[in-house]
Protein chains: 2
Amino acid sequence: MALFVQKYGGTSVGSVERIEAVADKVKRFKDQGHDIVVVVSAMSGETNRLIGLAKDITDNPDPREYDVLVSTGEQVTISLLSMALKKRGLGAKSYTGGQVRIHTDSSHTKARIQSIDTSKMRSDLDEGNVIVVAGFQGMDDDGNITTLGRGGSDTTGVALAAALKADECQIYTDVDGVYTTDPRVVEGARRLDKITFEEMLEMASLGSKVLQIRSVEFAGKYNVPLRVLSSFQDGGGTLITTEETDSVENPIISGIAFNRDEAKLTVLGVPDLPGIASRILGPVSSANIEVDMIVQNVAADQTTDFTFTVHRNDYDKALAILEETANELGAREVKGDNKIAKVSIVGVGMRSHAGVASNMFTTLAKENINIQMISTSEIKVSVVISEKYMELAVRALHSAFELDQADSVAE
Amino acid sequence: MALFVQKYGGTSVGSVERIEAVADKVKRFKDQGHDIVVVVSAMSGETNRLIGLAKDITDNPDPREYDVLVSTGEQVTISLLSMALKKRGLGAKSYTGGQVRIHTDSSHTKARIQSIDTSKMRSDLDEGNVIVVAGFQGMDDDGNITTLGRGGSDTTGVALAAALKADECQIYTDVDGVYTTDPRVVEGARRLDKITFEEMLEMASLGSKVLQIRSVEFAGKYNVPLRVLSSFQDGGGTLITTEETDSVENPIISGIAFNRDEAKLTVLGVPDLPGIASRILGPVSSANIEVDMIVQNVAADQTTDFTFTVHRNDYDKALAILEETANELGAREVKGDNKIAKVSIVGVGMRSHAGVASNMFTTLAKENINIQMISTSEIKVSVVISEKYMELAVRALHSAFELDQADSVAE
């Protein structure tokens, strides 16, 4: 007997048939004696339809009114799912964000949850009801409807689970869990039964787009066990927790993430003076271009080489800015490359294991893959390589760290 | 400088283009210095689309969830109209029924407004904002979303006008006012500049479906001047007030209503005993059939003839019931006719004028139209005639009461 908060995304509730399937799933949990709070997104396509109406009127819709508009998408889903649950003989009650007192600040279209009053939900649960809450929305001090921004339904789920001290927040999606790497790249990719919040954050920020980063941060902060499962097939999914299981039983590396959205820029022969990094990156960030990896080589003969990566879409803009800066600084040359990929190994296990990075570099060397840049964090090592070697590198690393082998953690 | 509550129905806001046109209209009033509260319905077709989704799930949607669902229709319109107003440089704020504190009872799908807290609207108006309110909806004591039932947006408009003591509640629709009779039947039908609430109620209940009866009753009760105008063309529309203008200047009859939705049933030769009417009508009303006109002729030879009308759709069912009752009562014969029409003259002026009914009967006699039933109220005389004479009767009466002649009330 547990309390589960279950979040179903837009695809999972994308049609009346799928809403009925969600109702079936909820009923199975309920029949097992669990208490269920369901958080739903708008039916897939609906939010875009609503935004389209607004765009027909103005390119700059008033943010307050935009929230009034798009919040109707989830409101439709909560009512339909509640009807489907009632049809199955369950007690069910729908709530908009405002009705269930998800209190946010007033930053329309990107509001942050400030508090949740759970008293109403508690008494509904005590009466045996399934509670169906509109994701992605709340209400501010003045009773204005707010939205948490795209993908905010995950955050609603985690926030409700935290407020209700739920046993688990289950995120139902169209994948059946978090994998050691993308199964489309490595056939032997394995679903992880468990992963830590930190690992999940690294995986998510590196391109494994299973969960919204913000909801993972939130779950980690409030220590809400988070489980990613498939809406469409059975299975235990992947549990994301704070628990670091014993490293003897566990692999050192949990997964391999990769990303080919980046481009690399280098200034060669810059005078090696204090403040040079900010002279180079200042104009880039002023142009609202986000910089990811930064590497500066050790100086030789009073000059240095400085390299950084940006999103591939920003490459041309960043290159033009950098050429201007290089001129001003009297640098020797500017080089760029937008045919790169970033490959990262992620795992809390590497904290207690020496030689993880060197194993990675050896593996890549064996495959004759040249490493262009290296960047590390406590639970991650990232390298930049030529894009054409990306899949080879991922497969080689997946095998070198024995990620394709079932281990004691597997079901 | 006045305060107007303006209600725009589903057709008037049926597309983004029409919403823009409503915004233009509102701006013109605002530019003249008036304060404006706008009440809108769902975009035409939207409510039916939402109901369709519910019907795909269940034939008996939970009433609470049904209200959560259909109330999104108006919520979309208020946000879009507010965006369009803002685009025109006006201050505008949208409110759902619950947000603007339209407090109702808990009768989902047919809730009644109990109170409206106007403090928020007052301060918004004082700041120069146009207030855009979702029609047709409210919130009960427990914060549940309620709806007032189909056509309830008119009621929202009138209730807001009453609560705000507005100078006028303007109902924008696809007709440009209330006519002396249907212009499709009588070419000379004239738009009325003024009509009393009582006349409007008689006209509405007799088939002139310009306004919801409930909103007219409500406006009469709270003495809210109500004006019916066209969304699509300019013009003063028809003002519905309590003011009875001087009968010297005014026509005795305001309009002619007609209705071919009824059918007539007669029992001949019923024993003329006390309680006979309830013996006859009891089984009919038990079958949920509404009875409109009832006529009992003076008894001759201990038996009487008893006639009543029902909706034409109920004719077969009523006939079967009546035949059974007639058998039990030992009546001589049952007759029915579903090829009838009811034609009524309506006007507060007839209170102070003798001979109105006789003028009506004479006019019909001149046209050789046989009157089958007569029923009167203080401001109305209705006759039942054969359906085939209906248009002839309406035209003859329209002319006999000089309704096609411009008079001092006309613009």
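**Ground rules**

I number residues from 1 along each chain as its sequence is written, while chains are lettered from A and ligands numbered from 1 in the order in which they are written. Since this is a predicted model, local features need pLDDT of at least 70 and side-chain atom pairs count only at pLDDT 80 or more, but totals for chains, interfaces and linings use all residues.

**Chain A as a whole**

I started with chain A and its 11 helices and 20 strands. Helices (H or I, at least four residues) and strands (E, at least two) are DSSP runs, numbered from the N terminus. I then looked up the box that holds the C-alpha atoms of chain A, and along the principal axes it is roughly 80 × 55 × 30 Å.

How much of chain A is buried? I found 48% of the 411 residues. Buried here stands for 20 or more other C-beta atoms within 10 Å of a residue's own, with 12 or fewer for exposed, partly exposed in between, and C-beta atoms placed from the backbone.

I also checked contacts, where two residues count if their C-beta atoms, placed from the backbone, lie within 7 Å. Of the contacts in chain A between residues at least 6 apart in sequence, 75% join residues at least 24 apart.

**Where A meets B**

I see 27 residues of chain A in contact with 27 residues of chain B. On the chain A side, α1 (16–31), α2 (46–57) and α3 (63–87) each supply at least two residues. The largest share, 14 residues, comes from α3(A). Sorted by class, that side of chain A has 13 nonpolar, eight polar and six charged residues. For the classes, Ala, Val, Leu, Ile, Met, Phe, Trp, Tyr, Cys and Pro are nonpolar, Asp, Glu, Lys and Arg are charged, and the others, Gly among them, are polar.

**Symmetry**

I laid chain A on chain B: a turn of 180° and a shift of 0.0 Å along the axis give an RMSD of 0.1 Å. That is the relation of a two-fold axis. The same surface serves both copies, as 100% of the contact residues of chain A recur in chain B. Which residue of chain A comes closest to the rotation axis? I get Thr72(A), at 2.7 Å (C-alpha).

**A sheet in chain B**

I followed four strands of chain B that form an open antiparallel sheet in the order β15-β16-β14-β17. Its edge strands are β15 (291–296) and β17 (333–337), each pairing on one side only. Strands pair if DSSP finds at least two bridges between them. Eight bridges join β14 (residues 262–271) to β16 (residues 303–311) in chain B, and Leu265(B) has Phe308(B) as its bridge partner.

Two helices of chain B lie across this sheet's strands. Helix α9 (residues 315–329) lies across β14, β16 and β17, at about 5° to β14(B). Axes are lines fitted to C-alpha atoms, for helices over the stretch in contact, with angles from 0 to 180 degrees between N-to-C directions.

Note on methods: Copies are superposed by least squares on the C-alpha atoms of residues with pLDDT of at least 70 in both.
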